[in-house]
Each structure stands twice: as structure tokens, then as C-alpha cells.
Amino acid sequence: MKDYIEANKQSWATIAEEHYKTFKSILSANESTLGQSQIRELGNIRGKKLIHLQCNTGADTISLARMGASVTGVDLVPENIYFATRLAADCGIDDARFIESNVLEIMEKHDEKYDIVYTTEGVLGWLPDLFLWARNVRHLLADDGFLYVVDGHPFFLVWDEDKLPDLVVKYPYFQKTADRFEWIGGYASQPQNAVNYSWMYTIGELINVLSQAGLHIEWFHEFDWLYYKLSAEKQLRDEDGGWVYPEHKGGLPFTFSLKATIR
């Protein structure tokens, strides 16, 4: 497993600088990189102490800081941390902190407590052990804090992405072995040749690991839109900025969000 994580670390490093440049341009023109549904669900976070797990190069972290939160970003990749710090400085955010760490090990090096543990959009599939992830989340949460997650709905993740909107299973829902990929990038950088690995997760697993870690799911929302563009020809933008396959609008879940608190 360590070899897989190291491969992922090296893969993400290859696109860190391009992500930084892309998100610097976006944040120069826009107040936030967050979708409208996230902003509504998070509510007023001004003055809240927030930790952003798997923060990449910090664009969403900075967007959260602009909403008034006191932010700390965590990422596995040293290049991401370097460019996140640089991006924060570029955007005039002088009180954002960034920590280099595998999120499955953050409890071993960081003891602070947070009002909000935040992790979104393409994060859970990079984690080989969701139970360990949930334990680390619980470690970081203040007693009255909450976890906020947005990610790809596993019902969407089973499909062959190259054949959508046709529904052809490529990644079995109950698969426990890692999927190997030969490239990385595409949504904020050009694809690069780099071996990396991801893992399927199920809704049941997610509910169970949070419960076992002592968390209570306040709500679980499902959406018919995807948070990124897979195909400009086949997807349309909805009013909240999500990407919809017209054939499946109102019919299939593509994204979910949840809020969990300490029991």
C-alpha cells in the first residue's frame, strides 16, 4: 500500500505547478472556486476554525478563507504545499497555514481541534483505508464541530467515463483492489503520463466508518450533476455550476454531500 501512495504522491507532483497557475488565474477573476451548493450547505463560516484535508494547491482553501474562516490546508504532496502557500500569498491571504501530511496520518503529528473538517471533490478515491480516515477526522474535530464532504457518488463512479451517457460498468461497486491508471490531470492541467492508483468506496462503507469513529450523519444529499466537466459535447452547465448529462438529469446521482457531527 505504501508503494501505491508513493506513486500517487509522485503523480500529483507532476501537475502541481500547472494547477497553481490555473487556480491563480481563476481566483484572480473570481471570489471563489466553490460551487453554489457548497456555499449554501456550509452556511456562515466566518470566524470558524477550518481544516481542509487533501487541499491540493489550496484554491478551495483560499476560497474558504475569503468566506471568513481561519484555514489550515493539508496535503500529501510537498509540491502542492509549496504552491498552496504561494497561491495564498498571491491572493493576499497571509494567515492560511499548510501542512504536508498523508491525511491517514495527520493525527500522529497534529493535535489541534477544528470547528469544520472539510474535504471535497475527488478525495475519497485516493484513500485505501476509509476507517483510518474517519478516525483521523474524529481526532481533528472539536466537540461541537462538523465534517463536510462533497465527492463523486459511487453510483456514478462505476461507469466507464469514456462511454457516458451510456451506462457501461467499468469499476465494480464492490471491488476492493486498487485500479491502476497511467496518466493524471485533465481538469486543471494537461494530462501527464504518471502511474497512480485509486480505490472504489461504497455508500455503506462511508456511513459505517463514520459511525464507527463516533460520528453521526446529520444529512446526506445526492445530486444529478457532476462537479467537473468530463465532456463539453455531452454535458451542460446547470444553474449552480454543476455539469449535467441531459439524458440523466433528475434520474441518476452523480455527486453527494454530507454533514457529520460527533455523537
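The legends below describe close-up views of a predicted model.

**View 1. Aromatic pair of Phe155 and Trp159.** The structure holds 15 aromatic pairs. In the pair shown here, Phe155 and Trp159 have ring centres 5.5 Å apart and planes at 85°, so their arrangement is edge-to-face. Phe155 has a relative accessibility of 35% and counts as partly exposed. Trp159, with a relative accessible area of 13%, is buried. A pair of aromatic rings is described by the distance of the centres and the angle of the planes.

**View 2. Cluster of Tyr4, Tyr197 and Trp199.** Tyr4, Tyr197 and Trp199 are linked into a cluster by ring pairs.

**View 3. Lysine charges over aromatic rings.** Lys49 places its charged end over the ring of Tyr114, at 4.9 Å from the ring centre. Lys259 has its charged end over the ring of Phe146, and here the distance to the ring centre is 4.7 Å.

**View 4. Buried face of helix H8.** Helix H8 covers residues 203–212, and its residues Ile203, Leu206, Val209 and Leu210 are buried. Viewed down the axis of H8, the buried residues fall within an arc of 140°, so they line one face of the helix. Just after H8 comes Gly214, which takes a positive phi of about 95°.

View 5. Strand E4 spans residues 114–120; 6 of its 7 residues are buried, so the strand is largely enclosed by the rest of the structure. E4 pairs with strand E1 (residues 49–53) in the parallel sense, over 3 bridges. Within E4, Ile116 stands opposite Leu50. E4 also pairs with E5, in the parallel sense and over 6 bridges. Thr120 has Val150 in E5 as its bridge partner. From E4 the chain crosses through H6 to E5, a β-α-β crossover that is right-handed.

**View 6. Cis peptide bond between Leu164 and Pro165.** Leu164 and Pro165 are joined by a cis peptide bond, with omega of about 15°. Pro165 lies in the loop between H7 and strand E6 (179–184). Most residues other than glycine have a negative phi, and most peptide bonds are trans.

**View 7. Positive phi at Asn56.** Asn56 is not a glycine, yet has a positive phi of about 60°. Its place is in the loop between E1 and helix H4 (59–66). Asn56 counts as buried because its relative accessibility is 13%, where the cut-off for buried is under 20%.

**View 8. Positive phi at Glu121.** Glu121, also not a glycine, has a positive phi of about 60°. This residue is found in the loop between E4 and H6. Glu121 counts as partly exposed because its relative accessibility is 29%.

Terms used: Residues numbered from 1 in each chain as written. Predicted model: local features only at pLDDT ≥ 70, side-chain atom pairs only at ≥ 80, totals over all residues. Heavy atoms only, no water. Phe/Tyr/Trp six-rings, centres within 6.5 Å; stacked < 30°, edge-to-face > 60°. Buried < 20%, exposed > 50% of the residue type's maximum accessible area, 1.4 Å probe, protein only. Lys NZ or Arg CZ within 6 Å of the ring centre and 35° of its normal. Helix = DSSP H or I, 4+ residues; strand = E, 2+ residues; numbered from the N terminus. Arc of directions from axis to C-beta. Pairing = 2+ DSSP bridges. Right-handed = clockwise from strand over helix to strand, strands pointing away.
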